[in-house]
Amino acid sequence: MQTLHDRGYKRLFSNKTFFRQLLQSFVPEPWVKDIDFESAERIDKSFVSEHYKETESDLIYKVKFKEQEAYIYVLLEFQSSVVWFMALRVLHYLCSFWLDYAETRPKVKKLPPIFPIVLYNGEEKWTKPTRLRDILEEPDLLKGYTPDFRFFKIAENEYSQEQLLQIKNLVSTLFLAETYPNDIELLIAQVLNLFETEQQEGVSLLANWFAQLMIHGRRSVEDYQSLEQVYQDKYEVKAMLDNAIQQIRQQERATGFEEGIFKGRAQGLEEGIFKGRAEGISKGKTEALITLLEARFMPLTVEEKERLFQLTDEKITALLIQFYKIDSISEFWQGIETH
């Protein structure tokens, strides 16, 4: 049985934008810039051994660069720790791919190049070799007959928060949520910021992935099917954020503000949703909160809206930051009563 991370990650990186950003942002090889990502084609095959299917999954892309056809093999590794013979396991998968390639193309006499990546999101630090010769007892004894192989490692927990914030794309935000799950306000700010810079499809996938992580405040989440339901449902995260952004943009045009909603990091959320005259800021925040509440729960009455407009700017800001931690409209109103 596949895990949530297995299905979720495979779905994310089956999207070409995620795949492209993974290579462009986290693989510092000069040939990456020459890949034609638009024509990249995902191969619907898997070579993971049955024994490991609960803890890892794989993705294979056929790509072209400089008129050369090659394959990118991405092993998604979700074990909390890494086995010492990982290099051997990856080589086994690649050999399985080459065998399948040769057997299904009898007229082809040469095998294509493959770039192997292991994407690791476990909690422990990666300390095991990435090169085959480093796990061989005497790698030089039969040197001419011993394969020399290595894979490229991407360990999420090796990137600092500052590094991920500097990259500012879908994949770095995913890594940020996985590696620093407790900084919810910062994650909310980063996800919202992506709506201004990324394609709708990629952000929607990420929003659905984060929905369970942020709303429930934990890394271990329910079955990924619930995320698919959230994606289709009218209360999905994407719809809430789209409506909120549209509302704020209307407010910006009416008041002449120059900066939009949710720019920057968590500090931006704490200081205010956008800059401008004090009256406009407070009103814009309240309207954004109303839009989020109505998109996620139910339409508010005139009296309820007026009640929110009576709250202080500080209180509205606090409610916006806490919005993704509440599970019901009654809990929201109880929160107001207790403060």
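Modeller: This is a predicted model. Start with L88. Setting aside neighbours within four places in sequence, L88 is in contact with L132 and I135. L88 and L132 lie 44 residues apart along the chain, yet their C-alpha atoms are separated by 6.3 Å. L88 itself sits in helix α3, which covers residues 86–104. Its relative accessible area is 44%. Buried means under 20% and exposed means over 50%, so L88 falls in between and counts as partly exposed.

Next, Y145. Y145 is placed in the loop between β4 (114–120) and β5 (152–155). Its relative accessibility is 77%. The cut-off for exposed is over 50%, so Y145 counts as exposed.

Last, a helix pair. Helix α2 spans residues 16–26, and helix α5 spans residues 170–179. The two pack with their axes 8 Å apart, at an angle of about 80 degrees. Angles of 65 to 115 degrees count as roughly perpendicular, so that is the label for α2 against α5. Which residues meet there? On the α2 side they are T17, F18, Q21, L22 and F26. On the α5 side they are L170, V171, S172 and F175.

Note on methods: Residues numbered from 1 in each chain as written. Predicted model: local features only at pLDDT ≥ 70, side-chain atom pairs only at ≥ 80, totals over all residues. Heavy atoms only, no water. Helix = DSSP H or I, 4+ residues; strand = E, 2+ residues; numbered from the N terminus. Buried < 20%, exposed > 50% of the residue type's maximum accessible area, 1.4 Å probe, protein only. Axes fitted to C-alpha atoms, helices over the stretch in contact; angles between N-to-C directions. Parallel < 35°, antiparallel > 145°, perpendicular 65-115°, else oblique. Contact = heavy atoms within 4.5 Å.
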